[in-house]
Amino acid sequence: LTLSLKQNALGDEGAVALAEALSSNTILTSLELYKTGFGTAGANAFAKLLLVNQSLTFLRLGCNNIGDEGACAIAQSLCTNTTLTSLGLSRARIQQSGSRAIADMLEVNCTLSDLDLLGNQLTVSGASAIALSLSKNTGLTRIDLSSIPVGHGAVMPLAASMRVNTTLRTLNISFWALQTASVELLADALKENVALVKFDLLGNNLQFGAGQALIRMLQVNTRINEINVGLRPQDHMFEPAQVKRINELLRDPARRLWEADTKPAREI
């Protein structure tokens, strides 16, 4: 059973009342409260709900003013919750302490399989903490960390985690302001990864060197079958020959990169 109240003006008062009403509910499995105008009080109420509710598996709380306090409360509840499998906290104004609390939660929670943190205000240290937690996490199969432009600073712990993580299948770090060196580091780590299938790098203005790093990685890693760098030629600076080679290595025609021959050829 699904309840969607997204884009309704619940506010904190409505969110608290709803959370209290659901504390004894055993039927609802999916709750969508995207952009419903609640803040810390509402987030704290849903954190309390997650301590007692044993039916909810899907929860979307994005585009609300959850902040660090609310994120910490939700993360703390998920350290013991064994029911929720999908959590959406996109654009929830999570910063330093909230991201660290989420990282701590990911080290012990093995039930959550899908986590969306798109567009939060994570610092380099906060993003690094979450990235490093993936080395110990055994539940997540998908994490969205896109639109968090921390640049190269959080790449090293992410690369370290990708060498040993055995469960994550989809990683989205689109719009991270990555450098060529960042992609080279990640690609080298993914040569040892045995789980990842989809890798999102859209909006990072990838250069020739990044394309070469992806080619070298795909020659070793035969599990990854989708790399998203954008479908338009202006989304990346790869040479046509690089795009062709990446497409050959990805093997799936439905997931190929843009092949328009709009740039001068360069030997690869």
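Hi everyone, let's start with the overall count: the chain has nine helices and nine strands. Please keep in mind that this is a predicted model.

First, the overall dimensions. Along the principal axes, the C-alpha atoms fill a box of roughly 65 × 35 × 30 Å. As for burial, 53% of the 268 residues count as buried. Now look at the contacts with a separation of 6 or more: 84% of them come from residues 24 or more positions apart.

Now I'd like to zoom in on one pair, helix 6 and helix 7. Two packed helices are described by the angle between their axes and the distance between the axes. Here, helix 6 covers residues 155–164 and helix 7 covers residues 180–190. Their axes lie 8 Å apart, at an angle of about 15 degrees. Angles under 35 degrees count as roughly parallel, so helix 6 and helix 7 are roughly parallel to each other. The crossing of helix 6 past helix 7 is right-handed.

Which residues make the contact? On helix 6 you'll find V155, M156, L158, A159, M162 and R163. Helix 7 brings S182, L185, L186, D188, A189 and L190. And how do the residues of this contact divide? Nine are nonpolar, one is polar and two are charged.

Technical notes
Residues numbered from 1 in each chain as written. Predicted model: local features only at pLDDT ≥ 70, side-chain atom pairs only at ≥ 80, totals over all residues. Heavy atoms only, no water. Axes fitted to C-alpha atoms, helices over the stretch in contact; angles between N-to-C directions. Helix = DSSP H or I, 4+ residues; strand = E, 2+ residues; numbered from the N terminus. Parallel < 35°, antiparallel > 145°, perpendicular 65-115°, else oblique. Left-handed = near helix turned anticlockwise from the far one by under 90°. Contact = heavy atoms within 4.5 Å. Nonpolar A, V, L, I, M, F, W, Y, C, P; charged D, E, K, R; others polar. Buried < 20%, exposed > 50% of the residue type's maximum accessible area, 1.4 Å probe, protein only.
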